[in-house]
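Trainee: Please give me a close look at a single part of this model. Then place that part in the whole chain.

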Amino acid sequence: MLATTLIVAALIGSPFTPRAMVPVTSPTIAITTTPSAFNPQASARASETVIVVVASVAGTLRVDVVTEAEPVYENVVPATLVTAGSITTVTWDGAGAVDGTYGLQVTLVDTAGVTSQALTPVVVDSTAPVVRLGTLGSGQTAVGPVAIRATVKDVSPLTRITLTVDNQLGTTLGTVNVPVSSDGGGGKLDWNLRVRKRLLQPGVYRLRLTGVDGVGNVGESAPRLLRVDRAVKNTIIYSLREAGPAIGLAFDDCVSEQAWLSIIKSFRAAKAHTTFFCNGVNVRSNPTAAGATLAGGHTIGSHTWAHPELPSLSASEQVSQLKGDKEIWWRVAKASPMPFFRPPFGLRNATTDAAAGSEGFAYTVLWDVDPSDYLNPPPAVLIDRITQHARAGSIVVLHVSANTAAAVPELIRALRGRGLEPQSLDEMFGVAAYLAQRNR
Ligand SMILES: [Zn+2]
């Protein structure tokens, strides 16, 4: 089980804290400020505070803003004669005030010359909360409980803290509301990192925290990478009919960096995404194309480290073929080939399926259309073989070669002409690819 600990520490700063900030209870004056925190620079809501003063006796009343340094920082209501039971309403817009806590002080001198005072705090907050995700180190692999440390800094209490979980391509899988403590800062809590009530599948995720303070200012932390790795149930798929009028072209091996970059360029020109199953040795030799694959929003999957016939290997050798591919993707592109795996030549046995599951691959992706592009047929023949056999939800096995790369632009046009939209496996599966089945 993937358990996560989130510790939110509150550091509420206050440049001006008047020493006598404890409100004075006066039998003759009542004062309220609404709201008690505001942003003078806000365009609409909460850009000023409304002060209401009720005097129970007649006399001379004045209202001042006070700070620790200045007995009268600003006079809001000059000395004014009031009658018993009078209500004085005035606004303070905090123009020019530095963020911090200020005192609103009411002074009433009654007709007998007796002075009463009341003081209430109001917070000026024009800055966004500073929210940081701390100890989650890049490279940390979550196989068990994980401590996520967050710090929040603001002059007024926070009302909402949200954790956003994106996959490695920047697709938001969901958000998790983090409880805010009674002092508005937050507290320590232990929880399993569940998104939409499901555990994250193994993979690389980007986490970020958003904090909203009582004034409505929003602060966001820098993103942090979380690597999740654990055993899962492996499922074998040949097509994905539920994906609708989509077709998954998936390019294997990635031997030629030139052909690899050419395919990426063609998909960018066509405003479409696709999938690459590269061998670890080729990811290591072609880091530029590996990086461009992720930057272009394409799905990656594992095709083992060195393209062996897996069933001829021992269980531990099969596992190390997958481990090698996972590690090189992390080292080269801070990315993960999970949850997708395609065995070389499509060759697998029960040991292969068990190895894929134990290494965190939820899906072994085979195909229902094989145009034998490794025999380098002329582009027109290659395209014809695919369009003759492709149906909605088909998955096509292709290779990163010069011949196939040259056919890609026309292949995309031909498929669209038949009502089939080329999509990456991420697009065909949706966010479900990254969320475990319930109770797993
Ligand atoms: Zn292959």
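Mentor: Start with a definition: two strands pair if DSSP finds at least two bridges between them. The strands themselves are DSSP runs of E, at least two residues long, while helices are runs of H or I of at least four; both are numbered from the N terminus. Residues are numbered from 1 along each chain as its sequence is written. This is a predicted model, in which local features need pLDDT of at least 70, side-chain atom pairs count only at pLDDT 80 or more, and totals for chains, interfaces and linings use all residues.

Strand β24 covers residues 299-302. Its partner is strand β23, residues 275-278. The two run parallel, joined by 4 bridges. Within that pairing, Phe-276 stands opposite Ile-300.

Now the side chains. In a regular strand the side chains alternate between the two faces of the sheet. In β24, Thr-299 and Gly-301 point one way, and Ile-300 and Ser-302 point the other. Which of these residues are buried? All of them are. Buried means 20 or more other C-beta atoms within 10 Å of the residue's own; exposed means 12 or fewer, and partly exposed is in between, with C-beta atoms placed from the backbone.

Move on to the loop between β24 and α4, where Thr-304 sits. The phi of Thr-304 is near 75°, a positive value in a residue other than glycine. Thr-304 counts as buried because 25 other C-beta atoms lie within 10 Å. For contrast, take Ser-372, in the loop between β26 (363-365) and α6 (379-389). Ser-372 also has a positive phi, near 50°. Yet Ser-372 is exposed, because 12 other C-beta atoms lie within 10 Å.

The peptide bond between Met-338 and Pro-339 is cis, with omega about 10°. Pro-35 lies in the loop between β2 (29-34) and β3 (37-38).

The open sheet with β2 has 3 strands, in the order β2-β4-β7, with antiparallel pairing. Its edge strands are β2 and β7 (86-92), each pairing on one side only. Strand β4 (residues 49-55) meets β7 over 7 bridges. There Val-53 stands opposite Thr-88. The open sheet with β3 has 5 strands, in the order β3-β9-β8-β5-β6, and its pairing is mixed. β3 and β6 (74-82) are the edges. β3 and β9 (residues 115-124) pair in the parallel sense over 2 bridges, and Phe-38 has Val-124 as its bridge partner.

Next, the packing. A nonpolar core is a set of buried Ala, Val, Leu, Ile, Met, Phe, Trp, Tyr and Cys residues joined through C-beta atoms within 7 Å. The largest has 78 residues; Ala-250, Ile-263 and Val-396 touch the most other members. Helix α7 (residues 402-417) gives the most to this core, with 6 residues. Domain 1 (4-12 + 129-228) and domain 3 (235-434) both contribute residues, so the core lies between them. Those domain bounds come from an automatic or database domain assignment. Beyond residues up to four places away in sequence, Ile-263 touches Phe-251, Val-400, Ala-405 and Val-408. Another core lies apart, with 21 residues, including Ile-29 and Val-122.

Last, the whole chain. It has 8 helices and 28 strands. Of its 440 residues, 42% count as buried. Two residues are in contact if their C-beta atoms, placed from the backbone, lie within 7 Å. Of the contacts with a separation of 6 or more, 75% join residues 24 or more positions apart.

How far to trust it? pLDDT is the predictor's confidence in each residue, from 0 to 100. The chain averages 87, and 86% of the residues score at least 70. Over residues 1-16 the pLDDT is below 50, although this stretch has 65 contacts in the model beyond near neighbours in sequence. Residues 187-191 are also below 50, with 9 such contacts. Where pLDDT is low, the predicted coordinates should not be read in detail.
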